[in-house]
Amino acid sequence: MGSGLAAGSVRSRYLVYFQYLGTDFNGVAAVRGAQRAAGVQNYLEEAAEGLKSVVPVKFTISSRTDAGVHALSNAAHLDVQRRSGQPPFSPEVLTQALNTHLRHPAIRVLKAFRVPSDFHARYSATSRTYLYRLATGCPQYDQLPVFERNRCWALQADCLDVAAMQEAAHHLLGTHDFSAFQSTGSPSSSSVRTLRRASVSPGPASPFVLPQESRRLRFWNLEFESQSFLYRQVRRMTAILVAVGLGTLTPTQVKMILESRDPLGRHQTRVAPAHGLFLKSVLYRDLEDLAAGSPACAQQECQGPPARAAPGRPEDFRACLAP
């Protein structure tokens, strides 16, 4: 009886964008077994139980993040198999249902789209952008506003040599073997990646800083874009660039570190704290119709020729979150 029900049911695949504050989680990936720690995926799949799918819903995450790392917009695909005679959930209903059943306040589903059955959230992604937030002028951690704690790396220094950091970041652009910036345990078979963007710029003033503190505290943004990254590559590149900003390393040394391909070198063991890192966006091709809210794609599996990429921002899926 069970197999007959499954055979007569309709399976639909969805792409969902979601965000989270990573402080309370053991990363985004699910933690299986009887451990007390939990990943964001555990809560998403628990919320999906409310969809009453014939087959339990499993989330395939686009971009894995470590414990303490946040996401402004991560992505995943999932299959929902409804009973025979029941129509597929609309993307809007799916989004609302998941948010209704989510038990953790630090997770939010942003948007959902119907996608073809062969769509893959991880392998179909064409671009990923990470943001790392720094704060300067914070000699002691307790001088950082409580609302900014676990959301940036507070440096004791009053200033950074941003020009030197930008020069060093330029050496990282392009296609290279990034072995020197890879932590052990990486599942990747190749350490060659193409870094499309590496920027260092002043960040916006924090609304959580009191007026009397605003002259002392300054925020900085580092952004990195690539189709994919090695394990902890962004945090290692960030640590090296910060060392340049503090005068510990020179831009030329960064080039030498990259060319060394040695992850165990004297300077390569630096890793920026997880809590300053945010996954900012994940982009895909072939989703222009979905991004524009095409009624046809909202009601049936999308087919058709390739189109432009669509990012994970719910307000406008036709343009990437601006760097």
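The legends below describe close-up views of a predicted model.

In this predicted model, local features need pLDDT of at least 70 and side-chain atom pairs count only at pLDDT 80 or more, whereas totals for chains, interfaces and linings use all residues. Residues are numbered from 1 along each chain as its sequence is written, and side-chain values use heavy atoms, with hydrogens and water left out.

**View 1. One face of helix 6 is buried.** Helix 6 spans residues 251–260, and its buried residues (under 20% relative accessible area, 1.4 Å probe, protein chains only) are Pro251, Val254, Ile257 and Leu258. They lie on the same side of helix 6 because they cover an arc of only 110° around the axis, taken from the directions from the helix axis to the C-beta atoms. Met256 and Glu259, on the other side, are exposed, that is, over 50% by that scale. Helix 4 (162–172), strand 7 (174–177) and helix 5 are among the elements covering the buried residues. Helices (H or I, at least four residues) and strands (E, at least two) are DSSP runs, numbered from the N terminus.

**View 2. Phenylalanine 59 and its contacts.** Leaving aside neighbours within four places in sequence, phenylalanine 59 is in contact (heavy atoms within 4.5 Å) with residues including Val16, Gln41, Leu44, Glu45 and Ala48. Its other partners include Ala76, His77, Leu78 and Leu98.
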